[in-house]
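Thanks, everyone. I have one chain to walk through today.

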Amino acid sequence: MKLLSYIMALGAVASMVSCSKNKLPVPLEFDLQAKVKINYASAYAGNPSVMMKVNGETVITGIKYAYPFPGGGLNTQGGSQPDYLNMATGNTTLSLSVPNVGKSTDSIQLYSGSVTLPGAGYYTIHVADTMANTQMLVLEENTATPDSGFSRYRFVNLIPNLPGLDLYFNNVKVADNIPYMNASASFDIAFPTASSWAIRPAGAAPGSTALATYANTSPNQRVFTVFARGYNGSTDANRKPNVSLYYVR
């Protein structure tokens, strides 16, 4: 890949470079470009293998829902590393297609659209819904390390057919009425040994049945994005509501 390159996992970089706890070490040659993760969360019933192109260049073939690429996440496809692509700033075109078998040519075009990467920094392009209804949301990531004993989160709602979602952490509401294709402010949580996440329609009673739950144990002083995906009311394995996370750093 000529124009795009992977950035090493931020945790690995941090372990090799001495720095204060709230500074993120970044190789000098990457300073003037954007570091980008593409959160592929388009819930097709058949869950096809998808080819992803950026500005006409293939970056991966065979990706499946749901996949924060590169790096993966928790309750997602892929691994669990805070990896990013190194990309030029400015107008960026993202294309998704089902490729011809064994080739890097398109068989079925699923989506093509453009976003703007405003400058150097860490960004995630969230992709949700399907075919003509596909939308993208660009969010700049906060990569600052939280204090010891805490982890930092932000919540993104990628469920198209609900006006808003509430997010709960261990039965406490931590994000209120987040609309589709919108994100909460960042929030820090004193992290216990284990955690349980739940999403409910905005305004639903705290004790009501959750749309989806997810339990995980995560390390101290990490930064995550929690995202809701799928479709309200669906019971299909590939389209039912889910809660997932990916590592920002």
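Predicted model: local features only at pLDDT ≥ 70, side-chain atom pairs only at ≥ 80, totals over all residues.

Overall picture. The chain has 19 strands and one helix. It runs to 249 residues, and 52% of them count as buried. As for surface, the chain exposes about 10500 Å². Carbon and sulfur atoms supply 51% of that area.

Next, Asp-166. Find strand E12, residues 165-169; Asp-166 is in there. Is Asp-166 buried or exposed? Its relative accessible area is 0%, so it counts as buried, the cut-off being under 20%. What do the polar atoms of its side chain face? One of them lies 2.7 Å from the backbone nitrogen of Asn-177. There is also a 3.0 Å distance from a side-chain polar atom of Asp-166 to the backbone nitrogen of Gly-203. Both Asn-177 and Gly-203 are on the contact list of Asp-166, which leaves aside neighbours within four places in sequence. That list also includes Lys-173, Ala-175 and Asp-176. Further along, it takes in Ala-198, Ile-199, Arg-200, Pro-201, Ala-202 and Ala-204.

Arg-200 leads us to the rings. Its charged end sits over the ring of Tyr-168, 4.6 Å from the ring centre. Lys-37 does likewise with Tyr-84: charged end over the ring, 4.6 Å from the centre.

Now ring against ring. How many aromatic pairs are there? The count comes to eight. One of them is Tyr-67 with Phe-69, an edge-to-face pair. The centres are 5.9 Å apart, with 75° between the planes. Why edge-to-face? Because 75° is over the 60 degree cut-off. Tyr-67 is buried at a relative accessible area of 16%, and Phe-69 is buried at 2%.

Another pair is Phe-224 with Tyr-247. This one is tilted: 4.7 Å centre to centre, 45° between the planes. It links distant parts of the chain. Phe-224 is in strand E18, residues 223-229. Tyr-247 is in strand E19, residues 242-247. They are 23 residues apart. Both are buried.

Key:
Residues numbered from 1 in each chain as written. Heavy atoms only, no water. Helix = DSSP H or I, 4+ residues; strand = E, 2+ residues; numbered from the N terminus. Buried < 20%, exposed > 50% of the residue type's maximum accessible area, 1.4 Å probe, protein only. Polar contact = N/O pair within 3.5 Å; in protein donor to acceptor, adjacent residues only side chain to side chain. Contact = heavy atoms within 4.5 Å. Areas by Shrake-Rupley, 256 points an atom, 1.4 Å probe, with all protein chains shown as cover. Phe/Tyr/Trp six-rings, centres within 6.5 Å; stacked < 30°, edge-to-face > 60°. Lys NZ or Arg CZ within 6 Å of the ring centre and 35° of its normal.
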